[in-house]
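The following exercises are to be worked with the sequence and the coordinates at hand. Each task is followed by a solution in steps.

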Amino acid sequence: MAQPKQKNTLYVGGLAEEVNETILHSAFIPFGDIKDVKTPLDQATQKHRSFGFVTFLEKEDAASAMDNMDNAELYGRVLTVNYALPEKIKGGEQGWAAQPIWADADTWFERQQQEEEMLRVQAENRAEMEKAEELHRKKLADEREGERDEDSEMKDDPMAKAEAEVLNQNGSS
């Protein structure tokens, strides 16, 4: 599967050792406003690895810079200029090599807040459900208690006793 090209960002290869981000910026600024310039460093030597990335604000400016600077010479070296491909790395939510690991901290915090809010709402819903179930149980218990009260009232009521006896006599005859 081909990786999508970043139309605003150019890969610039073949950089001479003395070229830094300022020089790279100066070489590409004639083509349009630049958002960012990066020259990834070799961890061992702390020098750039002979390539860099230039990100323009406008796609058209990037296209113009690529057309004009590919195979151009800078500090005695021939440059290779192409659209940059996103490089996936481990770590970082977006997976872009140009982003520091902490670049997705805001989205992580936002996600944490959403999860906490969801847990809070779930706890509130659970409490409401338990309260409703408790009210339902209490209502059922009260209804059963009311039925028992009716039975006990019948035992204490002489008219009810007489009616019950008459019904029993009629039923057995």
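**Exercise 1.** In this predicted model, determine which residues H25 is in contact with, leaving aside its neighbours within four places in sequence.

*Solution.* Step 1: locate the residue; H25 belongs to helix α1. Step 3: classify the accessibility. With a relative accessible area of 31%, H25 is partly exposed. Step 4: take a C-alpha separation; that between H25 and F53 is 9.9 Å, although the two are 28 residues apart along the chain.

**Exercise 2.** Determine which residues of α1 are buried and how they are arranged about the helix axis.

*Solution.* Step 1: the buried residues in α1 are L24, A27 and F28. Step 2: viewed down the axis of α1, these buried residues fall within an arc of 90 degrees, so they line one face of the helix. Step 3: inspect the start of α1, where a side-chain oxygen of N20 comes to within 3.1 Å of the backbone nitrogen of T22.

**Exercise 3.** Describe the largest nonpolar core and identify the residues with the most contacts inside it.

*Solution.* Step 1: this core has 22 residues, and L10, F28 and F56 have the most contacts inside it. Step 2: assign the core to elements. At least two residues each come from β1 (6-13), α1 (21-28), β2 (34-38), β3 (51-56), α2 (59-69) and β6 (80-84). Step 3: find the largest share, which is the four residues from α2. Step 4: list the neighbours of L10; not counting residues up to four places away in sequence, L10 touches F28, F56, A62, M66 and V81, among others. As a general point, nonpolar side chains in soluble globular proteins tend to be buried together.

**Exercise 4.** Is T55 buried or exposed, and with which side chain does the side chain of T55 make a polar contact?

*Solution.* Step 1: T55 is placed in strand β3. Step 2: its relative accessible area is 15%; the limit for a buried residue is under 20%, so T55 is buried. Step 3: the polar contact of the T55 side chain is with the side chain of T9, at 3.0 Å. Step 4: beyond four places in sequence, the contacts of T55 are N8, T9, I34, K35 and D36.

**Exercise 5.** State where the confidence of the model calls for caution.

*Solution.* Step 1: the mean pLDDT of the protein chain is 82, and 78% of its residues reach 70 or more. Step 2: over residues 89-95, pLDDT stays under 50, and the model has 13 contacts there beyond four places in sequence. Step 3: where pLDDT is low, predicted coordinates should not be read in detail.

How values were computed:
Residues are numbered from 1 along each chain as its sequence is written. This is a predicted model: local features need pLDDT of at least 70, side-chain atom pairs count only at pLDDT 80 or more; totals for chains, interfaces and linings use all residues. Side-chain values use heavy atoms; hydrogens and water are left out. A nonpolar core is a set of buried Ala, Val, Leu, Ile, Met, Phe, Trp, Tyr and Cys residues joined through side-chain atoms within 4.5 Å. Buried means under 20% relative accessible area, exposed over 50%, partly exposed in between (1.4 Å probe, protein chains only). Contact means heavy atoms within 4.5 Å. pLDDT is the predictor's confidence in each residue, from 0 to 100. The arc is that of the directions from the helix axis to the C-beta atoms. A polar contact is a pair of N or O atoms within 3.5 Å; within protein, one must be able to donate a hydrogen and the other to accept it, and residues adjacent in sequence count only if both atoms are side-chain atoms.
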